[in-house]
Amino acid sequence: MTLLITVFAAVVSTVCWYNRRDDSLHIGALCAMFWGASLMWLADAIFEYAELGADYFAPAAGDMLNDSFLGLAVIALALVVWTVIILVKDSRGVVRAALTGKK
């Protein structure tokens, strides 16, 4: 489930990156985080399949729920990091204007 969730997030962010008008939101960084997580979970799935064999395709319900929560937690963490990147880079000058009181 973690692989499926992160690949879905990576594809959605890549479509948003491809259709962007400008790079002020730094969607490329978000794409890189999601694709990196997807590659990590793909490697994990390959090694787990090598260890478990056919049992890999019959996970328990509790394991699927835990994997789903982990996938959503990874997406939430990536979104938090992306928000920090946007605030630090401040491409549109919104944070600087708010801190200095200028418009």
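**Ground rules.** The model is predicted, so I keep in mind that local features need pLDDT of at least 70, that side-chain atom pairs count only at pLDDT 80 or more, and that totals for chains, interfaces and linings use all residues. Residues are numbered from 1 along each chain as its sequence is written, and side-chain values use heavy atoms, with hydrogens and water left out.

**Entry 1, helix α1.** I took helices as DSSP runs (H or I, at least four residues), numbered from the N terminus. Helix α1 covers 2-18. I looked up its span against the expected one (1.5 Å times one less than the number of residues). The 17 residues of α1 should span 24 Å, and its end C-alpha atoms are 24 Å apart, which agrees. I then listed its buried residues, where buried means under 20% relative accessible area, exposed over 50%, and partly exposed in between (1.4 Å probe, protein chains only). They are T2, I5, T6, A9, A10 and S13. Viewed down the axis of α1, they fall within an arc of 130°, so they line one face of the helix; the arc is that of the directions from the helix axis to the C-beta atoms. The face turned away from the buried side carries the exposed residues L4, F8 and Y18. For packing I used contact as heavy atoms within 4.5 Å. The buried residues of α1 pack against α2 and α3.

**Entry 2, the loop between α1 and α2.** I found H26 in this loop. Its phi is near 55°, positive in a residue other than glycine. Most residues other than glycine have a negative phi. H26 counts as buried, at 15% relative accessibility.

I searched for a side-chain nitrogen of Lys or Arg within 4 Å of a carboxyl oxygen of Asp or Glu. The count comes to one salt bridge. The side chains of D23 and R20 form it, at 4.0 Å from N to O. D23 is partly exposed at 41% relative accessible area, and R20 is partly exposed at 36%.

Helix α2 runs over residues 27-52, and its 26 residues should span 38 Å; the end C-alpha atoms are 37 Å apart, which agrees. I noted I27, L30, C31, F34, A37, S38, W41 and A45 as its buried residues. Their cover includes α1 and α3. Just after α2, G53 takes a positive phi of about 75°.

Helix α3 spans residues 61-89. Its 29 residues reach 42 Å from first C-alpha to last, close to the 42 Å expected. S68, G71, I75, A78 and W82 are its buried residues, and what covers them includes α1 and α2. T83, also in α3, is partly exposed at 39% relative accessibility. I checked T83 against A50: they are 33 residues apart in sequence and 37 Å apart in space, C-alpha to C-alpha. Just after α3, D90 takes a positive phi of about 45°.

M1, L4 and M64 make a nonpolar surface patch of about 280 Å². M64 lies in α3 and is partly exposed, with a relative accessible area of 36%. Patches take residues with over 30% relative accessible area and no salt bridge, with nonpolar side chains (Val, Leu, Ile, Met, Phe, Trp, Tyr) joined within 5 Å and like charges within 9 Å. Areas come from the Shrake-Rupley method with a 1.4 Å probe, and for residues only the protein chains shown count as cover.
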